[in-house]
Amino acid sequence: MKTIVKTLFVLSFAMACTTEDTPDIPNEQQNTENPKNENPKTETTTNNVEALQGDWFRVGGNNPTNNGMLVRVIDEQGVIILAQDSGFDKDDIKWKDILSRDEENYDYSELGSDYNYYNAQMEIGTDDTLRISVAAAGAGNIQKWVRDFAEFNDCMPYEPMNDENTINEFWDAINETDLYTGLLPAVTSPGGGYYTVVLTNDSGAVPGLKVTSSDDTSGAIANSTAAATSDENTRTTSFLVYPEVSYDIAAHYSSHVPAGTSPTPYEIIWSYTDIVDCYEPNDEFSEAKAIPKNEIIEAYALTGHINNSVTYGEPQSYDYYSIQLRKPAKIKVELLEVPSSVNLNVKVFTTDGQQLITDYEEVSGVVSEDGAIYNTQTSSILEEGKYIIRVTIGGSRPTVVNDDQDIPDHWNSPYTFKVTTAD
Ligand SMILES: [Ca+2]
């Protein structure tokens, strides 16, 4: 039943709404070469709704946000199982009092977005498609419904946007610091990537390199000299990059090994390595990206530095996904590959944000340790509908490396997982 709140909502918007799909021009008239009344039926008491029973997915109509809606016909009623973004609720009776006119045609009442019912007709085709026309406000509209529907997948692939540049400059004196504001440009790639900056010279100077987010005035992503490293004339820093953030570079002449020259030439070489993650941005609950069940999903666990430090629990540590259950089941999230440098934490939520109780099954490693691979399954069977899966990155998760340190596994290696259902 609708609540008072819903009723008030409907009243306030009634002027703007007509039916669920704004009616348009009716379909061409039925070409009845053999009018049905030539063979009048005698068994008028039988309501032939047998062929309609079961699930129907909406795939076409003049309101595309309603596509993917799932209506389940039981006897003479069609009930919403998956509402998608239609504004309807699960369990609303979308098709009411279906009455067969003949083998293919039915009359019924269609629930409009104003929660009034409108006279409508449906025709089932030999290809097991259902075509619906709603007659309202002097016009009709055609919707197409089918028995099965590919699951939503919000993956938006893009080409990697790698970049590089070299700057040649001079220090005029020992202890001079040259500041390059925004030298490392903001990237647009949703998944971010990583910058590598090399500050070097062949004059014997020991360089100091400072990298900071252009958006953060306190601290630094990296700030150190090449003193006591394997190559004291070169300082190298790599760090994870967040989209739409630029970074500043400070090049410092800290000291010299042999007799210094003045001015002292130096070189800054930077390169950007893009990480393609087709489900980003998905750092917020509201940004959850739809993924299909039973398919391997590939993503990167961490986008990088908004500020000079990346703290555990910041949005870029989260990946949110949504899945849909078409029948009651447990949700099972199977981690398949996990970078050795991170620990992944998997949680399942209702769309209201309520976290569901889950059980774990270790596949390799220990659940709480880096690189652990395990399955997460809801403890109870969930009803049909949409659910949110959150993958959080924990563990050691370095976002900066210097000089000879290896690029951490989670920068270059995706995690992969698959969502399945269980009884
Ligand atoms: Ca994310």
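**Figure 1. Contacts of Pro328 in the predicted model.** Pro328 touches Ile381, Leu382, Glu383 and Glu384, not counting residues up to four places away in sequence. Two residues are in contact if their C-beta atoms, placed from the backbone, lie within 7 Å. From C-alpha to C-alpha, Pro328 and Glu384 are 5.2 Å apart in space, although 56 residues apart in sequence. Pro328 lies in the loop between β19 and β20 (330-337). Helices (H or I, at least four residues) and strands (E, at least two) are DSSP runs, numbered from the N terminus. Pro328 counts as partly exposed because it has 13 C-beta neighbours inside 10 Å. A residue is buried if 20 or more other C-beta atoms lie within 10 Å of its own, exposed if 12 or fewer, and partly exposed in between, with C-beta atoms placed from the backbone. The model is predicted: local features need pLDDT of at least 70, side-chain atom pairs count only at pLDDT 80 or more, and totals for chains, interfaces and linings use all residues. Residues are numbered from 1 along each chain as its sequence is written.

Figure 2. Strand β19 (residues 318-325) pairs with strand β24 (residues 385-394) in the antiparallel sense over eight bridges. Two strands pair if DSSP finds at least two bridges between them. Within this pairing, Asp319 stands opposite Val391 in β24. Strand β21 (residues 343-350) also pairs with β24 in the antiparallel sense, over eight bridges. Here Leu344 stands opposite Ile393. In a regular strand the side chains alternate between the two faces of the sheet.

**Figure 3. Surroundings of Tyr415.** Tyr415 lies in strand β26 (residues 415-422). This residue counts as buried because it has 21 C-beta neighbours inside 10 Å. Leaving aside neighbours within four places in sequence, the contacts of Tyr415 are Ala299, Ala301, Leu335, Glu337, Val338, Pro339 and Leu344. The C-alpha atoms of Tyr415 and Leu344 are separated by 9.0 Å, with the two residues 71 apart along the chain.

Figure 4. Leaving aside neighbours within four places in sequence, Phe239 is in contact with residues including Tyr194, Tyr195, Val211, Gly304 and Val400.

**Figure 5. The closed barrel.** Eight strands form a closed barrel that runs β1-β2-β3-β4-β5-β6-β7-β8, with antiparallel pairing. From one strand to the next, the twist averages 35 degrees. Axes are lines fitted to C-alpha atoms, for helices over the stretch in contact, and angles run from 0 to 180 degrees between N-to-C directions. Strand β5 (residues 105-111) is joined to β4 by four bridges, and the two run antiparallel. Leu99 has Asp107 in β5 as its bridge partner.

Figure 6. Asp91 lies in the loop between β3 (77-82) and β4 (93-100). Its phi is near 80 degrees, a positive value in a residue other than glycine. Asp91 is exposed, with 12 other C-beta atoms within 10 Å. Asn294, in the loop between β17 and β18 (297-299), has a phi near 65 degrees, also positive in a residue other than glycine. Asn294 is exposed, with 9 other C-beta atoms within 10 Å. The peptide bond from Glu280 to Pro281 is cis, with omega near 0 degrees. Pro281 lies in the loop between β16 (264-274) and β17 (289-290).

**Figure 7. Confidence along the chain.** The chain averages a pLDDT of 87, and 87% of the residues score at least 70. pLDDT is the predictor's confidence in each residue, from 0 to 100. Over residues 1-19 the pLDDT is below 50, and this stretch has 18 contacts in the model beyond near neighbours in sequence. Over residues 22-44 pLDDT stays under 50, and the model has 19 contacts for them beyond four places in sequence. Where pLDDT is low, the predicted coordinates should not be read in detail.
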